[in-house]
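The following note sets out points for a colleague who is examining this model. Please read them beside the sequence and the coordinates.

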Amino acid sequence: MAMSLKPPKKGDLKKSWLKPRRDTPKKIQPEYHLITTEGISTEPAYFQGVKNTINSKYRGRVQLDIIGVGDNTLNLLQKVKQKVAKSSNIYKHVWIVYDTDDFPAQNIDNVVDLCHTYSNEETTYHALWSNQCIELWFLLHFSFIHSDLHRQEYWAKLSS
């Protein structure tokens, strides 16, 4: 039997079979994500673009915070863990973003393992890394290059 959208009659308001309305609007709390990067300028700028895209499409549903920490692998993870503990926001997902440049493979693997260890029902930690430097990925994203470039030549190409 379909319910009528009409308001109840005054005489029916005191009857036991009439249930109170349950369709009051509920405000949906946004899901908080923290993206932390090894770099303090390039990576945060890239993720700011991602944040702008998400905010324009899912306003009020996802909240991205982006922090360039300026540290590497294990140190980055430890600093991020402290920031999460001190934060007034409860982050659903924490993303640890770093290059694998000159760090031992064991450090990179340890970050992945520690992310699994630190994750709980409230917060999930994720390790994201790029092989070599992320600047090369950005450069290749915007232009085709078929030559051997040194890392220090990326910025000039990216700037142009």
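1. Helices (H or I, at least four residues) and strands (E, at least two) are DSSP runs, numbered from the N terminus. Asn 120 is found in the loop that joins H3 to E4.

2. Basis of the note. The model is predicted: local features need pLDDT of at least 70, side-chain atom pairs count only at pLDDT 80 or more, and totals for chains, interfaces and linings use all residues. Residues are numbered from 1 along each chain as its sequence is written, and side-chain values use heavy atoms, with hydrogens and water left out.

3. Confidence. pLDDT is the predictor's confidence in each residue, from 0 to 100. The chain has an average pLDDT of 81, and 86% of the residues score at least 70. Where pLDDT is low, the predicted coordinates should not be read in detail.

4. Strand pairing. Two strands count as paired if DSSP finds at least two bridges between them. E1 pairs with E3 in the parallel sense over six bridges, and Ile 35 has Trp 95 in E3 as its bridge partner. E3 and E4 also run parallel, joined by seven bridges; here Tyr 98 stands opposite Trp 129 in E4.

5. Burial of E3. Buried means under 20% relative accessible area, exposed over 50%, and partly exposed in between (1.4 Å probe, protein chains only). By this criterion seven of the nine residues of E3 are buried, leaving the strand mostly covered.

6. His 33. This residue lies in strand E1 and counts as buried because its relative accessibility is 10%. A polar contact is a pair of N or O atoms within 3.5 Å; within protein, one must be able to donate a hydrogen and the other to accept it, and residues adjacent in sequence count only if both atoms are side-chain atoms. The side chain of His 33 makes such a contact with the side chain of Trp 95, at 3.2 Å. Contact in general means heavy atoms within 4.5 Å. Leaving aside residues up to four places away in sequence, His 33 touches Val 62, Gln 63, Leu 64, Asp 65, Tyr 91, His 93 and Trp 95.

7. Nonpolar core. Such a core is a set of buried Ala, Val, Leu, Ile, Met, Phe, Trp, Tyr and Cys residues joined through side-chain atoms within 4.5 Å. The largest has 16 residues, of which Val 80, Val 94, Ile 96 and Tyr 125 touch the most other members. Two or more residues of this core come from each of helix H2 (73-86), strand E3 (91-99), helix H3 (105-118) and strand E4 (124-130). The contacts of Val 80, not counting residues up to four places away in sequence, are Leu 34, Thr 36, Val 69, Val 94, Ile 96 and Tyr 125.

8. Which backbone nitrogens lie 2.8 Å from a polar atom of the Asn 120 side chain? They are those of Glu 122 and Thr 123. Asn 120 is itself partly exposed, at 44% relative accessible area.

9. H1 (residues 42-57) has buried residues at Thr 42, Glu 43, Pro 44, Phe 47 and Lys 51. Tyr 58, in the loop between H1 and strand E2 (62-68), is partly exposed, with a relative accessible area of 36%.
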